[in-house]
Amino acid sequence: MRIGDYRVGMQWVAVDGVPRRVEAFADLKPASRPPMTCLSCGQSVVAKLGAKVAPHAAHLPNSVCALSSGESVLHFNVKMLLALHLRELSTLYVVRDCAGREHGECSGRAEPEEWCAPRWDHVEVEYTVGSRRPDIALLASGRAVGAVEVLVSHSVDDAKSLAFDEQKLSWIEVSALRWVMLQPRGDEEHPLPITRGVPGNDWWCSRHSPELVGDRPRRRR
Ligand SMILES: [Zn+2]
Ligand SMILES: [Zn+2]
């Protein structure tokens, strides 16, 4: 599945200022549905809940919104759904991609492990930590302890990972497309695939192991 194959629209809207899944209104006749607005731009949106389409909401013609490209809608949907999911979890099992995949495709995966981050009791999107706004912030007793980044096209860069380090945030990066395909529960049997994660060590498959492939540069954190 490539981003071009992702044709689902916005799955979340604001109703009276509260984020709601669009599909929650599928049983209501169109005239009975509450007014809905876009969580990103605040403009009115219309629920599309016909039998032939995946439930979603659409902007009115001619409205301008950042959530108009497939990439940004994919990022938005996964961010919201993953945040909802994380609210129900207090421990998270992850499985790391091969850190050598930058040097070529690699399907190698490590063994599932419990992500050794501090326990969180609250999950927020659009939450500012220091100078950054992670896609999803994990909080414990009102303090940010972790961050989840949803990867569509831009991996966490050095500046962002440094900023997370300074805030003492544990963080993971999750591929949006892979999440959509697997919708993993994040338990031991269905661990969350992560492209990167701190704390923890990078993992290398036998084909890309630095000892085997020589002295090429190590991944930067
Ligand atoms: Zn919008
Ligand atoms: Zn590999």
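**Helix α1 and its setting**

Modeller: In α1, the buried residues are V73, L74, H75, F76, N77, V78, K79, M80, L82 and A83; buried means 20 or more other C-beta atoms within 10 Å of the residue's own, exposed 12 or fewer, partly exposed in between, with C-beta atoms placed from the backbone. The model is predicted, so local features need pLDDT of at least 70 and side-chain atom pairs pLDDT 80 or more, while totals for chains, interfaces and linings use all residues. Residues are numbered from 1 along each chain as its sequence is written, with chains lettered from A and ligands numbered from 1 in written order.

Helix α1 covers residues 70-87, 18 residues in total. From first C-alpha to last it reaches 26 Å, close to the 26 Å expected at 1.5 Å a residue, where the expected span is 1.5 Å times one less than the number of residues. An α-helix has 3.6 residues a turn, so residues three or four places apart point the same way.

Now the whole protein. It has four helices and 13 strands, counted as DSSP runs numbered from the N terminus (helices H or I, at least four residues; strands E, at least two). Of its 221 residues, 31% count as buried. The C-alpha trace spans about 65 × 40 × 35 Å along the principal axes.

An automatic or database assignment gives domain 1 (3-66) and domain 2 (84-213). Their centres, taken over C-alpha atoms, are 28 Å apart.
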